[in-house]
Amino acid sequence: MSKNLYIAASEAEAGKSLIVLGMMNYISRHVTKVGFFRPFVKSADTWDDHIRLIHERFHLDFEYEEMYGMCNEEINRLIKEGDDDSIQTIILNKYKNLERKCDFVLIEGSDFKSHMSSYEFDFNIRVANNVGSPVVAVITGNDKNVVEVVNSVGLMKEMLAREGCTQLGTIVNRAKKRDVTSIKTLLDKDGKDSELNFVIPELDVLQKVSIRQIFDQLEAELIYGDDDHLNFLVSDIKIAAMGLENVLKNISGGDLIVTPADRLDILTALSLTLISGNFPKISGLVLTGNIPANKEYMLLLKGLQQLPIIILKVACDTFTTAMRIDSIHPELMPENEQRIALALGHFEDYVDSKLLTEKVTIERSGVVTPLMFEYELFERARAARKHIVLPEGTDERVLKAADILLRRNVVDITLLGNEDEIRKKASEFRLNIDDAGIIDPYDNDLTREYASIYYKLRQHKGITKETAIDLMHDVSYLGTMMVYKGHADGMVSGATHTTQHTIRPAFEFVKTKPGVSIVSGAFFMCMKDRVLVYADCAVNPNPNSEQLADIAISSAETAMKFGIEPRIAMLSYSTGDSGKGTDVEKVRKATEIVRQQRPDLKTEGPIQYDAAIDISVARTKMPDSEVAGKATIFIFPDLNTGNNTYKAVQRSANAIAIGPVLQGLNKPVNDLSRGCLVKDIVNLVVITAIQAQDHA
């Protein structure tokens with residue numbers, strides 16, 4: 001069983017970083033301690049772009065110097081001395097030092113971007129053989145027809161076989177989309193059954209550079225714009241040195257405009273295009289020349305609402321700056337979540353994870369890390385794609401989450417809100433929501449139908465027809481009714497609305513499942529090496545014994561739904577029979593109710609938190625318990641305790657808290673925290689989609 005995998009390209013511009021990102025994402029699903037290694041890098045002082053991407057994206061706990069063999073300067077010196085053996089020995093020793101700390105190491109070969117290109121392929125083969133790694137070859141389909149691609153693959157296989165490399169398979173990247181099926185058919189026909197053969201088409205947006213890359217490469221000064229705007233992509237580079245009228249005629253969406261810093265007329269006009277509905281949105285401006293930015297222009301910018309643009313300043317002249325920008329190659333960068341989501345979605349569309357599992361022999365870990373849990377969530381949601389409605393369609397975080405979810409091809413999305421406002425905001429932040437549905441609460445064909453249904457359901461509560469119509473203009477009621485009617489499979493809201501506003505409609509007409517008396521809120525607490533369930537942390541201030549038992553049973557069902565073995569700890573300030581009092585008795589009674597109703601569930605209580613989670617404490621306080629020290633579900637006696645505990649653990653233990661996941665409703669409606677991040681929204685939408693699979 002191999003503990004490593006070598007990703008090797010035979011030529012430049014093969015898009016190897018996409019393959020590395022996708023493979024690392026796959027491996028992280030199964031392995032706790034994953035390493036990443038490159039045989040050589042350009043510099044020992046500046047982080048290699050690919051190492052930085054993998055290090056930050058997957059939270060690797062290694063120093064930079066542990067993740068590469070040698071830098072160019074060291075290799076060049078030894079090549080001049082004719083000492084190739086020392087090069088291989090140094091790289092092997094550094095690799096082995098890393099391997100000893102890992103369960104699995106993904107190795108990425110060199111880039112073919114230096115004067116050493118003629119040396120690199122043989123170099124990569126030797127390294128792969130020395131470290132004992134099977135090889136996945138990456139072939140570019142860029143500017144090649146079907147025959148040329150297949151011939152390149154055949155040549156690569158022959159060379160690897162001649163050198164005695166273990167070949168796991170081939171990935172053709174950047175192929176013409178129309179050629180994908182033909183290439184795949186020919187590769188499968190000529191290949192062995194034991195080999196992997198995948199063909200990934202070119203995706204134009206991945207070949208665009210970001211302004212962040214330009215900012216870094218030019219070592220430019222950022223004189224205007226937010227850090228997020230550095231992730232804007234550049235569709236084209238244009239020099240603005242002509243008259244203003246011609247400049248405005250020739251700009252296109254996504255352009256990066258390079259212009260002298262003293263062209264105040266051009267700068268002012270281009271800035272104003274961003275607040276006009278009549279011009280395409282440029283990505284940014286680069287002001288050139290060894291002169292300061294105009295003070296009046298900067299004063300004008302500060303007086304405007306924050307514009308969705310980046311403005312950089314460099315000392316070089318306009319022509320030199322444009323040429324330097326044109327020489328920059330596109331890279332995936334860890335700061336650009338939207339682009340990473342697009343890359344992963346593209347990889348997952350064309351690389352069959354089930355086939356990878358069959359062919360890549362990885363020793364699976366019994367530990368569950370946050371990355372493993374998150375990957376499994378995405379895989380399960382994608383396997384039976386659901387439709388989720390997001391009522392807060394004009395919120396920036398919600399729009400960014402929708403963009404990521406659509407790029408990952410995980411769910412179908414409907415946004416609620418004014419369509420013009422939603423599309424304008426999406427355009428400002430360069431988000432792609434073209435595949436999302438949009439429903440305006442004040443302009444749609446559903447309001448009267450939904451109002452009629454709501455009136456029939458709630459007229460016994462004094463609701464009038466007029467009130468019903470008014471309520472269906474409320475995004476929470478409209479979104480919840482979409483779920484009730486089956487026009488959406490689930491709803492996620494709460495980024496800008498209170499919990500009460502979000503979940504009240506669900507309480508009114510979605511209602512609880514048969515046999516469930518109470519709705520509760522659970523969090524998945526993703527620790528370093530395990531995933532736990534905390535409840536109730538969101539809904540019920542002071543549940544009684546019967547309600548606590550109901551929360552425990554619902555939490556066990558939630559845990560099982562997401563692959564967590566349920567071992568329930570009914571928490572109190574006392575363990576076992578040691579304590580007395582009203583609060584302890586409430587928990588003791590709740591524990592007995594759970595045991596009576598669900599004798600199949602392992603349940604312990606009352607029990608203190610330390611005895612529930614720490615095996616050494618458990619041996620002292622409850623040595624014979626099946627739960628103590630091994631609990632996976634923590635049921636808190638009241639909302640005050642639950643809410644504060646999840647937040648304390650989240651902050652102090654650097655845990656990822658996903659939720660709250662509402663339990664007990666007939667159909668999934670989930671509530672966000674108003675302080676949520678984009679990642680929180682993405683995760684909760686994916687969980688909602690998985691919940692909805694039970695209601696298909």
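Visitor: Which helix holds Asn250?

Guide: Happy to start there, with a note that this is a predicted model, where local features need pLDDT of at least 70, side-chain atom pairs count only at pLDDT 80 or more, and totals for chains, interfaces and linings use all residues. Residues are numbered from 1 along each chain as its sequence is written, and side-chain values use heavy atoms, leaving out hydrogens and water. Helices are DSSP runs of H or I with at least four residues, strands are E runs of at least two, and both are numbered from the N terminus. By that rule Asn250 belongs to residues 244-250, helix α9.

Visitor: Is Asn250 buried, exposed or partly exposed, and why?

Guide: Buried means under 20% relative accessible area, exposed over 50%, and partly exposed in between (1.4 Å probe, protein chains only). Because the relative accessible area of Asn250 is 43%, the residue counts as partly exposed.

Visitor: Which residues does Asn250 contact, leaving aside neighbours within four places in sequence?

Guide: Contact here means heavy atoms within 4.5 Å. With those neighbours set aside, the partners of Asn250 are Lys238, Met242 and Asp255.

Visitor: Where is Thr575, and which side chain does its own side chain meet in a polar contact?

Guide: Thr575 sits in the loop between β19 (567-571) and α23 (582-597), and it is buried because its relative accessible area is 8%. A polar contact is a pair of N or O atoms within 3.5 Å; within protein, one must be able to donate a hydrogen and the other to accept it, and residues adjacent in sequence count only if both atoms are side-chain atoms. At 2.8 Å, the side-chain partner of Thr575 is Gln608.

Visitor: What is the distance of the polar contact between the side chains of Ser616 and Asp614?

Guide: Ser616 lies in helix α25, residues 615-621. It is partly exposed, since its relative accessible area is 40%. Its side chain reaches that of Asp614 at 2.5 Å.

Visitor: How many salt bridges are counted?

Guide: The rule asks for a side-chain nitrogen of Lys or Arg within 4 Å of a carboxyl oxygen of Asp or Glu. Among the pairs is Arg595 with Glu604, at 3.3 Å from N to O. The count comes to 41.

Visitor: How far apart in sequence are the parts tied together by Glu108 and Arg38?

Guide: These two side chains meet in a salt bridge, 3.6 Å from N to O, and both residues are buried. Glu108 is in strand β4 (residues 104-108) and Arg38 in strand β2 (residues 34-41), so the pair ties together parts separated in sequence by 70 residues.

Visitor: Which residues form the salt bridge between domain 1 and domain 3?

Guide: An automatic or database domain assignment sets the bounds, giving domain 1 as 4-203 + 339-361 and domain 3 as 383-511. Between these domains the count is one salt bridge. Its closest N and O atoms are 3.0 Å apart, and the pair is Glu348 and Arg408.

Visitor: What area is buried between domain 1 and domain 3?

Guide: Eight residues of domain 1 are in contact with four of domain 3. Buried area is the accessible area (1.4 Å probe) that two parts lose on being put together, summed over both. Carbon and sulfur atoms give 48% of this one, which is about 490 Å².
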